[in-house]
Amino acid sequence: MSITAKELARKLGISEATVSMALNDKRGVGAKRKKEILAAAEKYGYDFTRVREKHAVSGAFYFIIYQKHGAVVSDTPFFNELSEAIQRYCREEGIRLHTSYFYDDETRSEQIEDLRYSDCCGMVLLGTEMHASDFTPFKALPFPIVLLDVAIENADCDCVLIDNVQGAYLATNYLVSKVHSQPGYLRSAYEISNFSERADGFYKAVRFNGLSASKSIVHRLTPSIEGAYADMKQILREKQDLARCYFADNDLIAVGAIRAFLEEGYRIPEDISVIGFDNMPIGSYFSPALTTVNVPKEYMAQTAVKRLRELLTTKHFVPTKTLISVSLVKRDSIR
């Protein structure tokens, strides 16, 4: 006969609540203690099918990647890592997952309508390029949605995103502390909410350091390596004023700009220092290795899927906004 959670708690000399949280993979139990409880449960013959049945997902989760212009959400390491992490976590949890691209064209309405008659029971929607109006057609779908990498006002759904303001502030403040100069801004030529928030963080750090925001040199660059490289080459040909150091909206912009600087004879970081954002793999093997802001992409993905799973059983829905902190990765592109 299998042991009950109550009996297991008594045998281990801990509370029933602690055992329940561990068995049901709830927060509030440390990783080491949870591992000990699960090992003991297996040793004493606890029936884990009770937990699996309780948390079983009826239907499939859908991971929808929304592309408005494709310049940001495309085949880049950042979004590939997010997608792979969601697939991996769903596989480990025994959740069926379908991944699809939705485009801002005439096919979108039909794709959304098809979801009504699919096996979808919940959706993680990557909305990096979304505006509020783009989300409106999704509101009427009869299952929970978790927005990933964006927050949309009045969306009435959960969202999981990184703290862009914090990241840009940390990066710019570090840049100023090292270079002791008015920072410039390699800003995306494409307007999305993430980049707007990073602009807020950049100017917040400029003002915190007693500098005038209006004196920061800003270059608008395409948010891709080749695009940023071509744009910066044009800026250099035109002999526009340059800053001694720059914060870039993402690593792709940073790498493209650095490539252009190097070709024109500028030394990095001796002449110009640059810091990026996203901690993409290219930054670690590019020369000089790129100082950047790390985004915990695996954790973002897991958080979104876990929250979606919770929404399937919650009785009292209150939309939540989960803001995930970022951190600096100090390398060689700043001096």
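Start by selecting helix α9 (residues 193–208) and its buried residues, which pack against β5 (158–162), α8 (164–179), β6 (184–188), β7 (218–221) and β8 (245–248). Here helices (H or I, at least four residues) and strands (E, at least two) are DSSP runs numbered from the N terminus, and contact means heavy atoms within 4.5 Å. This is a predicted model, in which local features need pLDDT of at least 70, side-chain atom pairs count only at pLDDT 80 or more, and totals for chains, interfaces and linings use all residues. Residues are numbered from 1 along each chain as its sequence is written, and side-chain values use heavy atoms, with hydrogens and water left out.

Stay on α9 and colour the buried set: Asn194, Phe195, Arg198, Ala199, Gly201, Phe202, Tyr203, Ala205 and Val206. Buried means under 20% relative accessible area, exposed over 50%, and partly exposed in between (1.4 Å probe, protein chains only). Now check the ends of α9: the C-alpha atoms there are 23 Å apart, which agrees with the 22 Å that its 16 residues should span. That expected span is 1.5 Å times one less than the number of residues. Just after α9, click on Gly210, where phi is positive at about 75°.

Next, go to the loop between β4 (145–148) and β5 and select Asn154. Its phi is positive, about 60°, although Asn154 is not a glycine. Is Asn154 buried or exposed? With a relative accessible area of 68%, Asn154 is exposed.

Asn279 counts as buried, at 17% relative accessibility. As background, most residues other than glycine have a negative phi, and most peptide bonds are trans.

Two cis peptide bonds come next. One joins Ile268 and Pro269, with omega about 15°; Pro269 sits in the loop between α11 (251–263) and β9 (273–275). The bond from Ser287 to Pro288 is also cis, with omega near 0°, and Pro288 lies in the loop between α12 (282–285) and β10 (292–294).

Now show the cysteines. How many disulfides are there? The count comes to zero, a disulfide being a pair of cysteine sulfur atoms within 2.5 Å. For Cys90, the nearest cysteine sulfur is that of Cys121, 9.8 Å away, and Cys90 is buried at 1% relative accessible area. Cys159 is buried too, at 7%; its sulfur is 6.8 Å from the closest cysteine sulfur, in Cys157, too far for a bond.
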